Amino acid sequence: MKNREVAKLLYDIADLLEIRGEMIFKIRAYRRAAQAVEAMPTDVGEAWKQGKLDSIPGVGRGIAEKIDEYLKKGRLKYLDELKKGLPPGFADMLAIEGVGPKKVKLFYEKLGIKNLEQLEKAAKSGKLRKIPSLKEKTEQNIIRSIEASKKRGGRMLLGHALTLSDEIIKEMKKCKDIRRIDAAGSLRRMKETIGDIDILVSSEKPDSVIKFFTKMSMVARVIATGPTKASVNLFNGIQVDLRALPEKEYGSALLYFTGSKEHNIEMRKIAISRRLKLSEYGLFRGKKFLAGRTEQDVYRCLGMDYIEPEMRENRGELEAAKKHKLPGLIGYGDIKGDLHVHTKWSDGSNTVEEMANAAGKMGYEYICISDHIGKLAIARAMDKKRVEQQSREIEKVRKKADIQILQGGEIDIGLDGKFAVSDAVLRKLDIVTASLHSGLKGDGTQRVLSAMENPNVDIIGHPSGRLIDRRDGVRLDITKITEKAAETNTVLEINSQPERLDLNDVNTKAAIDAGCFLAVNTDAHSIADLRYMRIGVATARRGWAPKSSIINSYPLEKMRKMLKN
Ligand code: DGT
Ligand code: CA
Ligand code: CA
Ligand code: ZN
């Protein structure tokens, strides 16, 4: 798999173009292509071998040629040209939140800063603020961002880790000595970021499984192997731990290695209180084996209902399981439509028809085209006239599509909580999603509250605006937000973009407790993005959301009746 590598190549080109002050549309084209490659479920190397690079959304002929040259030769002349005269440490600086190409260029020109170390030193000694166009606050923010990025270390986004683990499991299933196989650890709990990938298999021939695993083509380096376990690094640096077990203890081992550690510790305490002993080898009374073949057996023997992996964070799930009061969670197959997708009418890379067909193939009953409307130039927001043109195109597609198509729109919540779109335009749309796209620092509560007061706003999109590991987003008083959402019947979104997952799990739970309705949407900017619905649903499950609270799990007519108007 070269997807990450190729995506990085394209992101690097985009950053360098930006540093060099190139045209914005060119820069954006590379970013979009990078995202598409990153999101591909299949190997970009395969598409390349089959001469199908230009069938990747956002990859036109020019970019395809560059990928081709890179995959053939292992390097790209164009990139080398762009880098000429620029120091190699630039990339590390760009990875810091709040430091974009423009600032990197500025720091270099004014202070000769060439890498992260020099940037940190300059910021801490107060040199940055001497640059006239830079505020003292910016300097403080940069110091904070550098420290945050050091703390986080190499964790991976769930959306990307899942693609990898799916692939590993698919490959492993070719080994005939494997009986059961599961991802465990934080990945099975669907945490928003993943430290390493843990995989469990049951087998009578663990040595053969270990051998198969360490010889897989995605493995770059074997860190350690033993008779029943192995750890390796993949080509992108991610670690994968594999353990092979006998069938009899597979359930207790799966329970143990799924964690969380905090959940495990509580489980063991419950066992001890019943004079039993729980370990990865099973549940025992003295030396007598009571349970271990399945997780269900273990929970049952401890007097509890089965707890879904996404809930195992020691946030009250053990108490609820003892009292038989766990909620029935929204299922991965329960979603009937996606209410937030973009097309070429704004900043998406596919047409209305392509998005509708792809959504139809996923088995959805409906989709809501939700392009940017207003003045957001970077997102190519539509004005009133283009909204009407789009409406006519949607009408045409409806005639041949086998899925219901709604016309919605995404509008930007301004710094004052107001919109750059008139109510007259909003009233014509089936669903209006309002979201924050700028001013993403400080407290955003008031802006979101004002947006919810508009009777035309049905959904608040990605409520905090955070990007995982990149920016915190606005602070929200979640009690006030969820109270107002329940009172005004405004739906809160769980945005399924891998970097967003916003609302997050904790805020989802707060929203459910406050009686809000939620929508799990992908905010897809291409067909490929539609598959992120899975991690949005996972986030809903981590927030204990039942199916009844998720509006897009209802059939179309029922769903529409639940909206504000
Ligand atoms: P990660 O990889 O940092 O995203 O998080 P996890 O949860 O996957 O953690 P990992 O890979 O270190 O270990 C996998 C599971 O093994 C973890 O969820 C619970 C279990 N485990 C690991 N260390 C301990 C421990 O010291 N005590 C207990 N009770 N369980 C542990
Ligand atoms: Ca792990
Ligand atoms: Ca691990
Ligand atoms: Zn959007």
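**View 1. Aspartate 68 and lysine 72 sit in one helix, H4.** Both residues lie in helix H4 (residues 61–73), four residues apart, or about one turn of the helix. Helices here are DSSP runs of H or I with at least four residues, strands are runs of E with at least two, and both are numbered from the N terminus. The two side chains meet in a salt bridge (3.0 Å, N to O), a term for a side-chain nitrogen of Lys or Arg within 4 Å of a carboxyl oxygen of Asp or Glu. Aspartate 68 is partly exposed at 24% relative accessibility, while lysine 72 is exposed at 59% (buried is under 20% relative accessible area, exposed over 50%, partly exposed in between; 1.4 Å probe, protein chains only).

This is a predicted model, where local features need pLDDT of at least 70 and side-chain atom pairs count only at pLDDT 80 or more, while totals for chains, interfaces and linings use all residues. Residues are numbered from 1 along each chain as its sequence is written, chains are lettered from A and ligands numbered from 1 in the order written, and side-chain values use heavy atoms, leaving out hydrogens and water.

**View 2. Arginine 560 meets aspartate 430 in a salt bridge.** Their closest N and O atoms are 3.0 Å apart. Arginine 560 lies in helix H24 (residues 556–562) and aspartate 430 in the loop between helix H19 (423–427) and strand S15 (431–435), so the pair ties together parts that are 130 residues apart in sequence. Arginine 560 is partly exposed, at 31% relative accessible area, and aspartate 430 is partly exposed too, at 24%.

**View 3. Now look at a salt-bridge network.** Arg189, Glu313, Arg315, Asp505 and Arg542 are linked in it. The structure holds 34 salt bridges.
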